[in-house]
Each structure stands twice: as structure tokens, then as C-alpha cells.
Amino acid sequence: AEFLTESPLRFFFPVGLNRDQYILGHSSHFCFGVRVIRLVVQCSTVGQWLCQRLSLLGGMVKHFLLPEVAPRGSVLHFKWAREQFEGLFKQPAENVNMYLEGPSFIDQTMTLQEGQTLEILEGLYNSLVVDKPKSFADCVAWARRHWQTQYNNILRQLLHNFPHDQVTTSGALFWSGPKRCPHPLEFDANNYRHMDYIVAAANLYAENYFIKGSKDRAAIKQILQSVDILPFTPKSGVIIYTNDQEMEAAEDSVDKDHLDKLKKHLSSREAFSGCEMHPIEFEKDDDTNFHMDFIVAASNLRAENYDIPPASRHKSRRIAGRIIPAIATTTAAVAGLVCLELYKVVQGDRPLSAFRNGFFNLALPLFAFSFPVSPPKHKYLDKEWTLWDRIDVKGIKPNGDEMTLAEFRDYFKMKHSLDIILITCGTCMVYASHQDPAILKERLALRISEIVAKIRGKAIEEHQKLLRLVIDCSGENIGEEEEEFGFPPVCYWIR
């Protein structure tokens, strides 16, 4: 079963079913949950939300780990491809957005080990300056250069340090036993697998930067002809570690001057205002979003590096999606217990104590049940709210025009006695009182939907009827609870 609802705060359905009922062989959880195995009844129970974490992201570094065991099957290639997806199209965008949202990001990053700090700051600088595209052609060029790095240059450097006939001190061949000798690939625009990677990677990279992509392979091939690929030159300073211990021991040996320069370049967040990015969440079941196209192409190209047969798209989907076959008896038990909870919801007006979360393991057998937890309650201006509450604002005035940003602020001042100092919509910074006066003057006269569309670089789709805004406010009546927990989300209706 796939998602029927996402966050109940966003779609406001009375219940939501979780992604896959968490069926794991004989052992299973059941619930009405949002991403997690927990009963979620509107306005009655707490949801469990994933916290943002500080992603460790890095550009290309001057050292890497030599695999002790070369991948013998396709599973490790898919794991590698999934990590590539997260490291290229999700983690960099999340780090950029966290950097732009708060001044504490750099300070928090500097508390990490120097090696990790350097990777994160390099990733930020690359995303905001070095590799930031201005058009889809730039995205294609980035994909082509990344292909060259991953499937040619890195392996040629590896073979430069450890030639195919390298002999160890004991006289045995270095590339023997579990170590499979790789070979670099040469890019061929007429090779469908090579082009699959370029098309998928370029479109995903464009999505990160709110740039319109393209599926026109002929046009992409035309762009590739103008991309300059520097000839590979082996580097003498590259360190290749043969085990984890060597790599961990070298964590502290970083270029501190380079680290200080990166920190200086990134010290002013205002210089990158409006550079928010779109993190991409992996979704295996949409064949139009290029996610599986990238996973299949990336994993099969790496398999080709090691002379391993390629895998089909169906097998790739199963492994990349971490799909675990369900046992029929477990599925039946989950469905039955879920239906029992649905009966309670349909009956209506049932106390929270009437519902149950459940866990069972048919192999033991073990059945365990627990009470769902009510959501925490907060206050703003003496008004109580939970994660199920929202502030509805009709953005369309009686004359049919949408209110401007200035009118939106005035509305909150008059209706709720709140002075808005910050408005965000997803990763878009719509308004901040500390922004440049020229930017503020321009935006106050614009409609909020116009501002969001301008920042995203694309128009709001016709089917979207509201914008979910997060606000922060100031005022004499703002207490410690408002400062700690903030305010309910704002549903700003534009249609």
C-alpha cells in the first residue's frame, strides 16, 4: 500500500494510512500512520515527524577509500546509486536551505570534525557558486562532467596508484581474491545507458534549482557537443586508503587555510538571498520523475566498471525501494486489525482510549497493543492549538484580486494583533524584516503567489488552491511559549 495521505496538516484528512504497513516477514506493525507505525486520528493523536538533520555533504575530495571487496553482485551497486541520489539531489539542497534559513548553521558545522566541516562547506560553496546552473544547458554540462568523474577519472586515478599488475610485498597480485580490478568507461552519446544517465541527472539537477528540464534527447546530444571535458591527468598528491582505519586516522589532516577561505566566502548569507533549492525525495513508483532512471543507469554503469552484468529496471525498483516480500498471513492480520480501528473511526465520537496501536510477531507468537498519544498543546495569545490546527486566510478579496504582501501583514495586525517578521513557503523566503530595504519595498507591493512563483522560477500550478505558509511574529503580547513553539501554519487560499 502506498501513501494515501502525506502530512495531515497539509491535506487535512481525518486519517492517513501508512506507506506499507511495515510488514516484515512474520513480524509486523499495524496502524493508521503518517510515514510511521502509529495511529493518527485527526485532532486526537500526535503525529511523528522526521527532524531535519545536519547532512554531511561534500564535493570531490582529494582522497577516497579503496573498497576491500569489489562489488560482486548488483545489490551493492544499487546501494551506491541510492547514496549517490541522496548525496547529489537531496542532501546538498537541504544543507543550502538550512544555511539560508538560520545564522547558526555555520557555527554548528564548525563544531564537527574538521574533515566533516570541510566537506559540508565545500558542498555549500559548490552548490551556491561553483556548480550553480543558469540554464538547462548548464545542467546537462554538469551531468556530463559528473559522468566523466564517476566512471572514468576516479577509476583511472585508482589504476594509476594501483596498476592492474601491482604486486604486494608478499609477492601476490594486488588485484586478486576479493579485489576486482575495474576499468574506466569512455562516454558515447550513442550508448543508451550513457544517455539515460545524462538525461536523468540533468533533469534532477535542474529540478534542484527550479529550472525547467527536457526529455528531448536530440537537443541534449546537441548540448553535449559543446561541453568541454578536460583530459585526465593523474595527480600525485591523491591518497587512497586501503581500509577504514587509515581513513579515520587522516580525518584531522585538512587544509585549514582552505577551510578558513570557505568560511569567509559563506560568512554573508545575504549575498545568497533567493538561492533556495528544492531537495528531492526519492520516489520509486513514478516513472516520469527520473528517479528510477537515474538509479538504474548509475548502478548499471558502475556494474559495467567491474564487468558485472546489468540488472533490469524491475529488479532495480525492488532493491532501490527496499521492498520486502510480505507473507500472506501477516498481510491478512494487518488488514484485519486496521479494519477494526476503521470501525471505531466510522462510529465517531469515540474517546482516544478506545483506539490502539499494535505490534505482532506470528513466529513467536507475540501480540502487543498500546494507547495512542494525544498531541501536545501550545498557546499563542491565549489561544490553544495543536499540530492539527491552522490559521485560514482567504487571499482573494471581494473584488476578485489577491491581497498584496503589505495587505497580508495588515490583516494579521488587525485580525490577530500580530506583527509578522518572517514568512516562508516551503524553502522560499517570502518576507523577512531584516531583508534589504529595496527588496522589501518591491515585495510588499506584490501578491504572495507572485513572490513564491518568482523565487521558485515557475508558476503555481492551476490545481493548487492554497499556499502553506510558516510565520514568525513579534509584539508586546508574545510570550515564552510563542517564542519556543511558534505559531500554527497559515493556509493562504489563492483560489
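A cavity is a set of points, on a 1 Å grid over the protein atoms alone, where a 1.4 Å probe fits but cannot get out. Its volume is the space filled by probe spheres set on the points, with grid points joined across faces, edges and corners.

The model is predicted: local features need pLDDT of at least 70, side-chain atom pairs count only at pLDDT 80 or more, and totals for chains, interfaces and linings use all residues. Residues are numbered from 1 along each chain as its sequence is written, and side-chain values use heavy atoms, leaving out hydrogens and water.

**Exercise 1. Describe the largest cavity and its lining.**

Step 1. Search the whole structure. There are 2 cavities of 30 Å³ or more. The largest has a volume of about 60 Å³.

Step 2. List the lining, meaning residues with an atom within 4 Å of a point. It consists of Asn-97, Leu-100, Glu-101, Glu-276, Thr-424, Gly-426, Thr-427, Cys-428 and Met-429.

Step 3. Helices (H or I, at least four residues) and strands (E, at least two) are DSSP runs, numbered from the N terminus. Both α3 (91-101) and β11 supply at least two lining residues. The largest share, 3 residues, belongs to α3.

Step 4. Ala, Val, Leu, Ile, Met, Phe, Trp, Tyr, Cys and Pro count as nonpolar, Asp, Glu, Lys and Arg as charged, and the others, Gly among them, as polar. The lining splits into 3 nonpolar, 4 polar and 2 charged residues.

**Exercise 2. Work out the strand order of the open sheet and find its edges.**

Step 1. Strands of a sheet pair through backbone hydrogen bonds, parallel or antiparallel. Here, two strands pair if DSSP finds at least two bridges between them.

Step 2. Write the order. The 5 strands run β9-β13-β12-β10-β11, with mixed pairing. β9 (391-394) and β11 (428-432) are the edges; each has a single partner strand, so one side of each lacks a neighbour in the sheet.

Step 3. Check two pairings. β12 (residues 466-474) and β13 (residues 490-493) are antiparallel, joined by 4 bridges. There, Leu-466 is bridged to Trp-493. β10 (residues 419-425) also pairs with β12 in the antiparallel sense, over 5 bridges. Ile-423 has Ile-471 as its bridge partner in β12.

**Exercise 3. Is Glu-86 buried or exposed?**

Step 1. Locate the residue. Glu-86 lies in helix α2 (residues 74-89).

Step 2. Apply the cut-offs: buried is under 20% relative accessible area, exposed over 50%, partly exposed in between (1.4 Å probe, protein chains only). At 16%, Glu-86 is buried.

Step 3. Find its contacts (heavy atoms within 4.5 Å). Leaving aside residues up to four places away in sequence, Glu-86 touches Gln-91, Pro-92 and Phe-282.

Definitions and conventions
On a 1 Å grid over the protein atoms alone, a cavity is a set of points where a 1.4 Å probe fits but cannot get out, and a pocket is an open set with protein on both sides within 12 Å along at least five of seven lines; lining residues have an atom within 4 Å of a point.
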